[in-house]
Amino acid sequence: MTAQRRTLAAGILIGLSLVFLLGIGTAALCVGRGELEPGTLCRKDRPRAGGTIVLIDVTDPYTANQAQALRARLGRLVQTELRTNEWFAIWVLGDFEEGTLRKPFCACSPGTSSNWLISNPIQTKDRFDSLFAHPLARLLDTLSVVHHAERSPIMEAVQELTEQKEFSPNLGVRRLIIVSDLLQNTARLSQYRARTRSQPSQSPTGDLRGVHVEVLYIERRRDAAYQGSAHRQFWRKYLHRSGATSVDFERL
């Protein structure tokens, strides 16, 4: 084979190799990026990676510092803790026309990380911000406008959330974050009455088996007589009796 032919053959082989590699790269890009379901942002090419529900109690107002601390905590959750394709929902407990519970946000996290070989990290981050992080931040800003409610059915809200199909054990690792002063106040059980603050045995429960619970505990000076270590212990017992894998408290 002449030198000219060898050069031509080598060029053809290189060209074919590039076409082959380009085809693999394009296919990998489609799989790596994944199509998102409209409305939910969930990936169609993989199962959901667990689930996190945040229950925000707005039956009493927050101080400016508490509202800021809540935004910061949920900001860390969204930016660094949620896994790609993890189901995430915010439920609000208050006094609404449709009842005591409202779900203003729910979607799978599209994730912020990407494989630079098969996707554009900048585009991935932009998609995450525009479709997920920014709408959530705007929602949290609106939650600072809170009006006092006559009832605080916190236990009933937890029970209802555990019955949601979107929070079933099939999701795998699940977490429930409760943002509240935890002062249950219903006709059946009011923790503003001293005799009901110590024994959770007669309280309504949900199925929290396999669920990690984190409580962002709202302390209020006016309610110091009802809150404190004994009150937190009541809720630890209640949540563990409901089957929670773990219960962690953090003052907000």
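## The sheet

In this predicted model, 6 strands form an open sheet with mixed pairing, in the order S3-S2-S1-S4-S5-S6. Strands (E, at least two residues) and helices (H or I, at least four residues) are DSSP runs numbered from the N terminus, and two strands count as paired if DSSP finds at least two bridges between them. S3 and S6 are the edge strands, each pairing on one side only. On average, neighbouring strands of this sheet are turned by 15 degrees against each other, direction ignored. Axes here are lines fitted to C-alpha atoms, for helices over the stretch in contact, and angles run from 0 to 180 degrees between N-to-C directions. Strands of a sheet pair through backbone hydrogen bonds, either parallel or antiparallel.

S4 and S5 run parallel and are joined by 7 bridges. Opposite Val 211 in S5 stands Arg 174, and opposite Tyr 217 in S5 stands Ser 180. S5 and S6 also run parallel, joined by 6 bridges; here Val 213 stands opposite Val 247 in S6.

## Basis of the description

Residues are numbered from 1 along each chain as its sequence is written, and side-chain values use heavy atoms, with hydrogens and water left out. Because the model is predicted, local features need pLDDT of at least 70 and side-chain atom pairs count only at pLDDT 80 or more, whereas totals for chains, interfaces and linings use all residues.

## The chain as a whole

The protein chain contains 5 helices and 6 strands. From the N terminus on, its elements run α-β-α-β-β-α-α-β-β-α-β. Of its 252 residues, 44% are buried, a term that stands for under 20% relative accessible area, with exposed meaning over 50% and partly exposed lying in between (1.4 Å probe, protein chains only).

The accessible surface of the protein chain comes to about 13700 Å², and 55% of that belongs to carbon and sulfur atoms; such areas come from the Shrake-Rupley method with a 1.4 Å probe, and for residues only the protein chains shown count as cover. Contact means heavy atoms within 4.5 Å. Among contacts between residues at least 6 apart in sequence, 75% join residues at least 24 apart.

## Helices against the sheet

H4 lies across S1, S2, S3 and S4, and runs at about 160 degrees to S1. The buried residues of H4 are Ile 154, Met 155, Ala 157, Val 158, Leu 161 and Thr 162. They are on the same side of H4, because they cover an arc of only 160 degrees around the axis, the arc being that of the directions from the helix axis to the C-beta atoms. Their cover includes S1, S2, S3, S4 and H5.

H5 lies across S4, S5 and S6, and runs at about 150 degrees to S6.

## Nonpolar cores

A nonpolar core is a set of buried Ala, Val, Leu, Ile, Met, Phe, Trp, Tyr and Cys residues joined through side-chain atoms within 4.5 Å. The largest one has 31 residues, and those with the most contacts inside it are Leu 55, Leu 176, Val 213 and Leu 239. At least two residues of this core are supplied by each of S1 (51-57), S2 (87-96), S3 (99-108), H4 (154-162), S4 (174-180), S5 (211-217), H5 (229-241) and S6 (246-251). H4 gives the largest share of this core, 5 residues.

Not counting residues up to four places away in sequence, Leu 239 touches Ile 178, Leu 208, Val 213, Val 215, Ala 244 and Val 247. A second, separate core has 27 residues, among them Val 78, Phe 96, Leu 139 and Leu 252. In soluble globular proteins, nonpolar side chains tend to be buried together.

S5 is mostly covered, with 6 of its 7 residues buried. Glu 214 has its place in this strand and is buried, with a relative accessible area of 12%. Residues up to four places away in sequence left aside, Glu 214 touches Arg 73, Arg 175, Leu 176, Ile 177, Ile 178, Asp 248 and Glu 250.

Thr 162 belongs to helix H4 and counts as buried at 15% relative accessibility. Apart from neighbours within four places in sequence, Thr 162 is in contact with Gly 206, Asp 207 and Leu 208. Thr 162 and Leu 208 are 46 residues apart in sequence, and their C-alpha atoms are 6.7 Å apart in space.
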